Amino acid sequence: MLIREATADDWPHIWPFWRRIVAAGETYAWDPETTEEQARALWMSPAKRVFAVEDESGAVIASAYLTPNYGGPAARIANAGFMVDPGHGGRGTGRALAEHVLAAARADGYRGMVFNAVVETNPAVKLWTSLGFTILGTVPDAFEHPRHGRVGLHIMYRAL
């Protein structure tokens, strides 16, 4: 697997799994009806450092972004988003990408990383806690999950 900086040419390969994940409405607090144009602006914004993961065949199977979570005097706290093509899950791609992005954030001078809205039923919660993130709090009943009904959104943090 190769993890590299994404280019604009990667978007057509990211969009299909991005759409599938967001449309499922289970793990992201983004509108499941997000258009491709809106999604590209959200994910590939020039303010974000975007990564792509290629499998052995060169296919893009995952992506992540890294960006400041706040501005001004708090701009050294990062935020990130991660998506792994569901057809390629369970093979360590998410962990490898997370470790890569955490190292990139540290190298870029960030002092910590915060996730603002991690759906409490998201299997990635286990990954984040194993990588040293703690749950600072949970906004109860904040997310309308299509299978579990109303569930909480965790705010998670890790020092870098």
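Mentor: Happy to! Let's start with Thr67: if we set aside neighbours within four places in sequence, Thr67 touches Ala47, Lys48, Ile77, Ala78, Asn79 and Tyr110. Keep in mind as we go that this is a predicted model. Thr67 sits in strand 3. Is Thr67 buried or exposed? Its relative accessibility is 11%, and anything under 20% is called buried, so Thr67 counts as buried.

For a contrast, look at Glu56, which is found in the loop between strand 2 and strand 3 (60-68). Glu56 has a relative accessibility of 74%, so it counts as exposed, the cut-off being over 50%.

Now let's turn to the charged side chains. How many salt bridges does a search of the whole structure find? The search gives 5 salt bridges. In one of them, Arg4 pairs with Glu54, with 2.7 Å between the closest N and O atoms. Arg4 belongs to strand 1 (residues 2-5) and Glu54 to strand 2 (residues 49-54), so this pair ties together parts that lie 50 residues apart in sequence. Glu54 counts as buried, because its relative accessibility is 17%. A further residue joins in, as Arg4, Asp10 and Glu54 are linked in a network of salt bridges.

Strand 1 and strand 2 are also connected through another pair. Arg49 forms a salt bridge with Glu5, and the closest N and O atoms are 2.6 Å apart. Since Arg49 is in strand 2 and Glu5 in strand 1, the pair ties together parts that are 44 residues apart in sequence. Glu5 is partly exposed, at a relative accessible area of 39%. Arg49 is partly exposed as well, at 28%.

Arg49 has another partner too: its side chain meets that of Asp108 in a salt bridge, at 2.8 Å from N to O. Here the link joins distant parts of the chain, as Asp108 is in the loop between helix 3 and strand 5 (112-119) while Arg49 is in strand 2, 59 residues apart. Asp108, with a relative accessible area of 36%, is partly exposed.

Which residues of helix 3 are buried? They are Thr93, Leu97, Ala98, Val101, Leu102, Ala104 and Ala105. If you look down the axis of helix 3, these buried residues fall within an arc of 160°, so they line one face of the helix. After helix 3 comes Gly109, which has a positive phi, near 95°.

Next, the aromatic rings. The model has 11 aromatic pairs. One of them is edge-to-face: Trp30 and Trp43, with 6.1 Å from centre to centre and 85° between the planes. Trp30 lies in the loop between helix 1 (11-24) and helix 2 (36-43), and Trp43 lies in helix 2, so this pair links distant parts of the chain, 13 residues apart. Trp43 counts as buried, with a relative accessibility of 0%. Compare the pair of Phe115 and Phe133, which is stacked, with 4.6 Å from centre to centre and 15° between the planes. Phe115 is in strand 5 and Phe133 is in the loop between helix 4 (124-130) and strand 6 (134-145), so the pair ties together parts that are 18 residues apart in sequence. Both Phe115 and Phe133 are buried. Coming back to Trp30 and Trp43, they belong to one aromatic cluster along with Trp11, Trp15, Trp18, Tyr28 and Tyr65.

Finally, let's step back to the wider chain. An unreviewed UniProt entry places the feature "domain: N-acetyltransferase" at residues 1-158. Over those residues the chain is 28% helix and 36% strand, and the end C-alpha atoms are 26 Å apart.

Technical notes:
Residues numbered from 1 in each chain as written. Predicted model: local features only at pLDDT ≥ 70, side-chain atom pairs only at ≥ 80, totals over all residues. Heavy atoms only, no water. Buried < 20%, exposed > 50% of the residue type's maximum accessible area, 1.4 Å probe, protein only. Helix = DSSP H or I, 4+ residues; strand = E, 2+ residues; numbered from the N terminus. Arc of directions from axis to C-beta. Salt bridge = Lys/Arg side-chain N within 4 Å of Asp/Glu carboxyl O. UniProt positions renumbered as here; feature names shortened; annotations may be inferred. Contact = heavy atoms within 4.5 Å. Phe/Tyr/Trp six-rings, centres within 6.5 Å; stacked < 30°, edge-to-face > 60°.
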